[in-house]
Amino acid sequence: MAGTSSRKSGSAGTPTPSSTETDLVKEAEATRASAGYHLIGKRTPLIDAALKVTGRAEYTDDIKRPGMLVGRLLKSVHPHARIRSIDVEEARRHPGVAAVLTGDRYPTPFGVLPMTHDETALAVGRVRFLGEHVAAVAAVDEETCERAFELIHVEYEPLPVYDDPKVSREPVPVKIHDRALRDTNLQKEVFQHFGDVPKALEGASQKVKLSGKYLGVSHGFTEPHCTIAEHTPDGRLTVWSATQVPHYLHRSLSEVLGMPMHRIRVVKPEVGGGFGGKSDPFPHEIACAALAIETGRPVKVLFDREDVFYLNHGRHPTQNDVTVGVDADGKFLAMDIDALIDGGAWSSFGVVTTYYNGVLAMGPYRFDNFRYHGARAYTNHPPSGAMRAHGGTNMRYTVESVVDEIAARMSFDPIELRLQNFLPPNFKTINEFRITSNSVRQCILAARDRSGWEEKYRKLPYGRGIGVACGFYISGSNSPIHFTPVFPQCTVHLKADMDAGVTIHCGAADIGQGSKTVLAQVVAEVLGIRMDRCRVAAVDSDTAPVDLGSYSSRVTFMMGNAAKAAAENLKVPLLQAASELLEVPPDRLEASEERIHVKERPSQGVPFHEALHKAMETKGALVASGAYSTKPLGGTFKGAKAGTAPAYSFSAYVAQVDVDPETGFVHVENVWAAFDCGRPLNPLAVEGQIEGSIHMGLGQLLSEGLSYRGARLMNPSLLDYKILTPMQMPKVECLLVGEDDPEGPFGAKEAGEGPLVAALPAVGNAIYDAIGVRLMDLPITPDKVLRALEEQRKKGGAVKPPAPTRPSKRTPTHGGR
Amino acid sequence: MHLDAFDLHQPTSVEEALALAQRHAGKFDFLAGGTDLLPNYKMHLNVRPHLISLDHVAELRAFRPEAGWLGATVRLRNLEGSSTLRRRYPGIAEAAEEIATPLVRASGTVGGNLLVETRCFFFNQSYPWRQALGFCLKADGDQCHVVPQKTRCYATFSGDLAPALMVLDAHAEIAGPGGRRRVAVADLYDPKGDGVRRTKLGPGELLVGVQIPPGAEHLKAKYSKLRVRPSFDFPELGVAVALEEKGGKVARLEIALGGLETYPRLMRAQTSPLVGERLTEERVKALSEDLVKAVRPVHNTFLAPDYRRKMTGVYVRRAIGALRSGS
Amino acid sequence: MPKKVPVRLRVNGEEHELHLPPQRILLDVLREELNLTGTKRGCDLGTCGCCTILVDGEPRLSCLMLAKLAEGHQLTTVEGISPAGALHPVQKAFIDLGATQCGFCTPGFIVTAVAFLRDHPGATRDEISRALSGNLCRCTGYVKILDAVEAAARTLAPAQER
């Protein structure tokens, strides 16, 4: 299968693309192949896979330090209460206990965003959710820690509990944080208006409004949080942590502990999945470091699964209303959105979330009128935060459902309706996003052709259905979280030494997505060498230059560009040295196949290592650096930077479902996932991101959800929080049809988060096609499906929706652009 | 997560196990596969200072599907893997292969599933979680949070084998200080209990195994399970049906339901009037409606109780349909 | 001091004599006493499959086993699946077909799949998916895991008509 980026999972038969169609996937592959790269674009096994399949890869919890203590954190038993007093003296005296800390020791507030610091290492004077940490204990073992917990006496004074964001929006007697807006518990509110939405809606020939309701979602990574800290007599602090953002952790440790950054070393071992759940600096990481300072001994804090659910920072529980108006021909005129987001007890990425729920909504479609009102409320739920396709998932489901509903009401084929309304490439949107590469048309046509859409849409028997949805996501955030003083968003260092190997240093956090492999691929591609000459050094703040972290789908784009620049810089002295050996000017030389040779005469050249050794004669090991920063982007209005990115991914997914009308069970049979990530650097890894995204998206759609009764989380376990099993995965066909992005490394864009967003509404729309019921309350569990069907039967009969009557233009696979 | 300290006993015979049970009366649990007990112990739920492991009691491991005998510590994995069992008692094989996950079934046992602890959102939680709630009737507290009162526990019976065995009229063999006795699996559970203790096993009594009576292999039998995911999840509803028709009329029809209430129930009151009747579509429909009326699930599992009731009817109809069509 | 009992374990062919409190869980002992950290702790409650090891060749959850009760059994962890310097066909296929991303669930999948294919060399994709239905993976959507185990099944049963 090498070199083929359209792959089906499952051993079942091939869906039949109609033979008259041009195959967009094959065309895209042929175009890419013509560039002649030797590593880029090849299906490349991840460079750490051999360690992972043998159990040798080292995760934080696998690390042991001499004399290491166990650190544990005492949880609040109140969702909202003042802490009148904490008496820890008895616990401190208990045999085996090395230290007990409370919030007053390091009270400096912190948070991932500089403008909303409202978290503390341990609760200071107040607890704001069940499970918040009120004290930290270091002891010889877990049993002793728990014994110490029993000896810690906390006196609480309960406060009013806020578990409904609607209440948080109103004036409240007690604010969860002083920084909440006005006399409410709102953390952030956003108003945006472009064009004239009321006027445009007035003139619309069809207006569709749908409201979506979404439970909170957990990242569900398999590795629970774990941190080890050690404070050594030389005054240095080393912290190993399961984090996606070693640099932000580094900053927060420094701020809260009052220790200069250069005395702190942050190491990121292997991370067992993140999906945004390890993309904040966390209280337990700082508390762990505090215990290490206090005891002078290494301390490990390992979460159990329940702790993971309380730390949460998952996808926000959300209610949103989306109204879209269209003209008689189906042209989108205006979009109006209202979103209320349950932020839980802390801010985390909340400012970004509040913007993203609006600014990413128009997505792949062109609108000239857009209005958004978004509010994120503090509540006494565990804090919500960033999760894969942050801010772009719940709103996308409502938007794509609205588009599907417009098509149904106006009797359009939903693919034709979308084709009429897509943003073109190289376009500036009404909210001043700069769109460059954009293959959304190819995506939807490829998904249409491969899925057999024409033969299935509204034509499958009752209970079976097919649906389509599109997606759009940022490929890296244009704005770094910390913007003064100015630094690059990513830096890569290379060292080539006499062993003829190249060591790559970069702070980018590989959390399983394969960014280490991309680093090696890019550097080896530029230097024309085998990948095994490249080794990617550990993420260690002492040696690795800063990358801002694995979030906002920024790594491939930014790190890839930085790595490319570094490798090109390293190539300069190599070409110079080869030029001396060959007596040919460097500009006539190129590097390929482990040699540096004359461009037009490959036989005239020197092996890589000879050129390297020559170059090292006077300066020793070659070192080079490359960095990447985005160009200034976006408008000048308030919030204009939110959602601006150097590139955007696009997608179109078609899903096919089988719904049991008697039980309400939804079986997702197929997903045809057409994705535009520009040029896929490693199609094997890109497919993995798409398939994993579909799994995660279908989980949120069908069974996952943080279930609260009041402020109490009812399902903090992997038994009751229902992640899909292998038996529930549909057949997935990945269709990679993107064109090269002008600014991405080798033309690449993101593929880490964007692949999630279309999965949910494609299935939701397929359910509508199957049974004529639109389900807007996620997760769509069988009991909800059945209830909706019963209501539908009461209103008159369970039938499939009618087929579109508008003569389909039947947009050809080519042309019509 | 750690376990509180306990003494571990490893008897090698039923007698020795009973003697240990007597010596540590009220302060022990029997430990078989551990897949139910150990998670509960990790959550510090009703832990005891003595654990009596049944691993080395050879008698309990006896597995003779050809004779209808299933020892108490026969692994669930052995049930689903036995072609003899599947041929003779397909309903039991179907129930076994639907339990939890393949990994749990490799450790989990027949006895463990029959006597599995009842489950509830307010019970199957960690110590700090329950502490924040003020604990519950079933562990460390005196208040039920599902149906607020202080006398009865509403945790849901979540075993799969019991209904499948009940419809075959299987009997449990129980060893105790007073010798051995046999009791119908259908009578193993105590409808009059307070819900916390829901079996009729006396203190210090040990389940030795289950005997399926001769002739049961001639019944058509089926087990269907409602759950959100096709693995991991406990039953939200378990329907076992056994059917024999002679000359187009019902000679025998048994239905047992699990996953709905605090104990599994054999629904004779609803099925016995059908004996001697033709199983028409109308009768099956009426039967399923009767069953829906007879069950009272509460809101302490994942799916809504009204939905689980409705599904009782659907699953019964489908199971009977499948048995009659031979699928 | 907590009471300790002698515990003799045979792991990956090697004997270990330990003194442990009887309530120690096998997973904890493997990771903390024997430094066999390839076996992962994902939930500690039997609901994720990350801690799977082989007990007399059968995949079992080491988080739900007392170490003391593992005496007398042959234990195999992911470290013992293949001899030094070699890879089992399942491991090889996991690498080549992209079946591991973050890698945290991978050891559990590997040992489960190795045992399953030993007993069912000609297994179909559906059978494999059922056999792996006690292991959760959050990265891959299982697609490439199933691809890899299917490919390994073919390697292991080349002559068998599938």
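Buried area is the accessible area, taken with a 1.4 Å probe, that two parts lose on being put together, summed over both. Between chain B and chain A it comes to about 3,000 Å², and carbon and sulfur atoms give 58% of that. Please keep in mind that this is a predicted model, in which local features need pLDDT of at least 70 and side-chain atom pairs count only at pLDDT 80 or more, while totals for chains, interfaces and linings use all residues. Residues are numbered from 1 along each chain as its sequence is written, chains are lettered from A and ligands numbered from 1 in the order in which they are written, and side-chain values use heavy atoms, with hydrogens and water left out.

Now for the residues at this interface. Counting contact as heavy atoms within 4.5 Å, 33 residues of chain B touch 34 residues of chain A. Five salt bridges cross the interface, each a side-chain nitrogen of Lys or Arg within 4 Å of a carboxyl oxygen of Asp or Glu. One to look at joins R317(B) to E662(A), whose closest N and O atoms are 2.7 Å apart. On the side of chain B that touches chain A, α8 (127-133) and α12 (305-325) of chain B each supply at least two residues, and α12(B) gives the largest share, seven residues. Helices here are DSSP runs of H or I with at least four residues, strands are runs of E with at least two, and both are numbered from the N terminus.

Chain A also holds an open, antiparallel sheet of three strands, ordered β5-β3-β7. Strands pair if DSSP finds at least two bridges between them; β3 (residues 81-87) and β7 of chain A have six.
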